[in-house]
Amino acid sequence: LYVDHILSSSIQRQFEAFRAGFLALFHPSGLLRLLSPRELEVLACGSQALDFHKLQAVAQYGGGYTAQSTVIEWFWQVVHEMSEDDRKRLLKFVTGSDRSPIGGLSKLNFVIQRQGPDSIQLP
C-alpha cells in the first residue's frame, strides 16, 4: 500500500499532465509508432553522450574574455582532463541537466563571462 502510494497515487496528477501533453504531441500524428524506445528516450531526456570539444567550439565569451584568454584556456584544459562524472556535474551546474540536448552540446548557448566589468571573479 505504501509503495503504491509512493510510485503511483502520490504522483497521479503530475503524471496525467505529462501523459496528456505527451499524447497531444505524438499520438495524433502517429510519430510514436515511428520511434524506437531509445529514440523516444533521447527526445524526452536528452543524450548521455557528452562532447565537450563541440561545446568549446561554440562557446561564447564576454566581459573581455576571448577564446585565447589564459584563464579560458585553463578552464578548457581542466574540463577536458575531468572524469566523465565530473563533466556531467559541470554540465548539471551550468544547465540544470547532466545530459546534452538533442543535437549535442554544440546546440547549447554557453557563455563564459566575468561577474561584472570590474570583477576578476566568474559568475
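Visitor: In what order do the elements of the protein run from the N terminus on?

Guide: Helices are DSSP runs of H or I with at least four residues, strands are runs of E with at least two, and both are numbered from the N terminus. Here the order is α-α-α-α-α-β-α-α-β, with seven helices and two strands. This is a predicted model, in which local features need pLDDT of at least 70 and side-chain atom pairs count only at pLDDT 80 or more, whereas totals for chains, interfaces and linings use all residues. Residues are numbered from 1 along each chain as its sequence is written, and side-chain values use heavy atoms, with hydrogens and water left out.

Visitor: What percentage of the residues of the protein count as buried?

Guide: Buried means under 20% relative accessible area, exposed means over 50%, and partly exposed lies in between (1.4 Å probe, protein chains only). Of the 123 residues, 19% count as buried.

Visitor: Which residues of helix 6 are buried?

Guide: In helix 6, Ile-72, Trp-76 and Val-79 are buried. They lie on the same side of helix 6, because they cover an arc of only 60° around the axis; the arc is that of the directions from the helix axis to the C-beta atoms. Trp-74 and Glu-81 are exposed on the other side of helix 6.

Visitor: Against which elements do the buried residues of helix 6 pack?

Guide: A contact means heavy atoms within 4.5 Å. The buried residues of helix 6 pack against helix 5 (52–58), strand 1 (60–61), helix 7 (84–95) and strand 2 (111–112). Leaving aside residues up to four places away in sequence, Trp-76 touches Phe-52, Leu-55, Gln-56, Ala-59, Tyr-61, Phe-110 and Ile-112.

Visitor: Which residues in the largest nonpolar core touch the most other members?

Guide: In soluble globular proteins, nonpolar side chains tend to be buried together. A nonpolar core is a set of buried Ala, Val, Leu, Ile, Met, Phe, Trp, Tyr and Cys residues joined through side-chain atoms within 4.5 Å. The largest one has 13 residues, of which Phe-52, Leu-55, Trp-76, Leu-105 and Phe-110 touch the most other members. Helix 5, helix 6 and helix 7 each supply at least two residues of this core, and its largest share, three residues, comes from helix 6.

Visitor: Where is Ser-9 found?

Guide: Ser-9 is in the loop between helix 1 (2–7) and helix 2 (12–26). Ser-9 is partly exposed, with a relative accessible area of 41%.

Visitor: With which side chain does the side chain of Ser-9 make a polar contact?

Guide: A polar contact is a pair of N or O atoms within 3.5 Å; within protein, one must be able to donate a hydrogen and the other to accept it, and residues adjacent in sequence count only if both atoms are side-chain atoms. The partner of Ser-9 is the side chain of His-5, at 3.2 Å.
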